Amino acid sequence: MRFRRFRPLRSVAARLRKRHSTQGLILAYHRIVDAGADPWGLAVSPRHFAEHLDFLHRRHLVLPMTELVRRIGDRTLPQGAVALTFDDGYADNLINAKPLLERYGIPATVFVASGYVGAKAPFWWDRLQRVLLEPGTLPRKLAIAVNGLWYERDLGEDAEYDEGMFARHRTWRVGEPPPTARHEVYRSLWQLLRPLPSPRRCQILDQIGDWSGLRNGHHPNDRTVSQHEVAALARGGLIEIGAHTVTHPLLSALPEPSQEREIADSRTALEDIVGQPVASFAYPYGDHSPATASIVARIGFTAAVTTEGRTVGEQSPRLHLPRMLVDDLNGDRFCERLVERFAA
Ligand SMILES: [Zn+2]
């Protein structure tokens, strides 16, 4: 006999309500690539992604996200409907993901940070990761000014990081205790750099690059989409382009006029590239201030997504839609994760 835990009444009521209304799920992917270190769990291998699509193709109705949102509004959402999304605008979305989506006829939305389209440098978090979490030798001492504070660390013997250590710690995630000084530095710098304005953050990353001696060593896997590639993603109608701001800022750290510029300018830039309306928006890091949703509504988006991992249903506000982040699971584990999520 299984012991059943007591559940608070409110939770029971929420579960009963949920059981009697149809539920869908919006999935959030980022990169479809065989990654090295992946501290945020953003990469799914092409092999695993094909297994996800095979399962979804057989067992779920997959709708374009804007249609799923429309059907929530119309109260015609089919039980178990799924929508796929990709955040940021990595070139691998076109190179690796699109051919697989086409093979299965599965639609998706790609949210692109327009300021990184055609950029020479990768996303700032990838630059930081390549310096600190790849095999190689770094100077032992790092000392830089970050946001008016002096940031100093001694990497000690972790300045040397060989292939064996890299392989041992490759699956480390930021939520786990840092196994080396390099991981601690990665995590603390990430936290310090995230709220900074993009130009300031870029300067600091240039300094870190100079310190490491790797400043221009961008990895081809980290490449962001070019303008031509954004247009190629949208061609054929299976993939819809959504906006994801210009510089991928922490929106809640910005005053409202700057938030509005980031959101509106990304929409205009992407509409110019694809030649059709851009109707949906993804909040970078899932973050927003109380004013952000009204800015998104004023600019004219019909749907906006966060990173809160719940299912969607008739109660879901269309400018605050939860999504389930997908990490590098094989097909069986992916299936289990979906079953758990629909049952939660
Ligand atoms: Zn993002």
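Let me begin with a term: a helix axis here is a line fitted to C-alpha atoms over the stretch in contact, and the angle between two axes is taken between their N-to-C directions. The model I am presenting is a predicted one.

Helix H10 covers residues 256-274 and helix H11 covers residues 292-299; their axes come within 10 Å and cross at roughly 40°. Angles between 35 and 65 degrees fall in the oblique class, and H10 and H11 are therefore oblique to each other. The crossing of H10 past H11 is right-handed. On the H10 side, the contact is made by Glu256, Gln259, Glu260, Ile263, Ala264 and Arg267, and on the H11 side by Thr292, Ile295, Val296, Arg298 and Ile299. By class, this contact between H10 and H11 holds five nonpolar, two polar and four charged residues.

The second pair is H2 and H12. Here the axes of helix H2, residues 46-59, and helix H12, residues 331-343, come within 8 Å, with a crossing angle of roughly 50°. H2 and H12 are therefore oblique to each other as well, and their crossing is right-handed. In H2, the residues in contact are Glu51, His52, Phe55 and Leu56; they meet Gly331, Phe334, Cys335 and Leu338 in H12. Five residues of the contact of H2 with H12 are nonpolar, two are polar and one is charged.

Asn93, Leu94 and Lys98 are the H4 residues in contact, and they meet Glu229, Ala232 and Leu233 of H9. The contact of H4 with H9 is made up of three nonpolar, one polar and two charged residues.

I turn now to pockets and cavities. The largest pocket has a volume of about 430 Å³. Its lining consists of 21 residues, and those nearest the centre of the pocket are His30, Trp40, Leu42, Tyr285 and Leu325. The lining of this pocket divides into ten nonpolar, six polar and five charged residues.

How many cavities of 30 Å³ or more does a search of the whole structure find? The search finds two.

The largest cavity contains about 40 Å³ of space. Lining this cavity are Arg31, Asp38, Pro39, Trp40, Leu42, Trp125, Asp126, Gln129 and Tyr186. Which helix gives the most to the lining of the largest cavity? That is helix H5, residues 124-133, with three residues. By class, five residues in the lining of the largest cavity are nonpolar, one is polar and three are charged.

The second largest cavity holds about 30 Å³ of space. Its lining is formed by Arg31, Val33, Ala35, Gly36, Ala37, Gln129, Arg130 and Asn221. The lining of the second largest cavity has three nonpolar, three polar and two charged residues.

Notes:
Residues numbered from 1 in each chain as written. Predicted model: local features only at pLDDT ≥ 70, side-chain atom pairs only at ≥ 80, totals over all residues. Heavy atoms only, no water. Axes fitted to C-alpha atoms, helices over the stretch in contact; angles between N-to-C directions. Helix = DSSP H or I, 4+ residues; strand = E, 2+ residues; numbered from the N terminus. Parallel < 35°, antiparallel > 145°, perpendicular 65-115°, else oblique. Left-handed = near helix turned anticlockwise from the far one by under 90°. Contact = heavy atoms within 4.5 Å. Nonpolar A, V, L, I, M, F, W, Y, C, P; charged D, E, K, R; others polar. 1 Å grid on protein atoms, 1.4 Å probe; cavity = no way out; pocket = protein on both sides within 12 Å on 5 of 7 lines; lining within 4 Å. Points joined across faces, edges and corners; volume = space filled by probe spheres on them.
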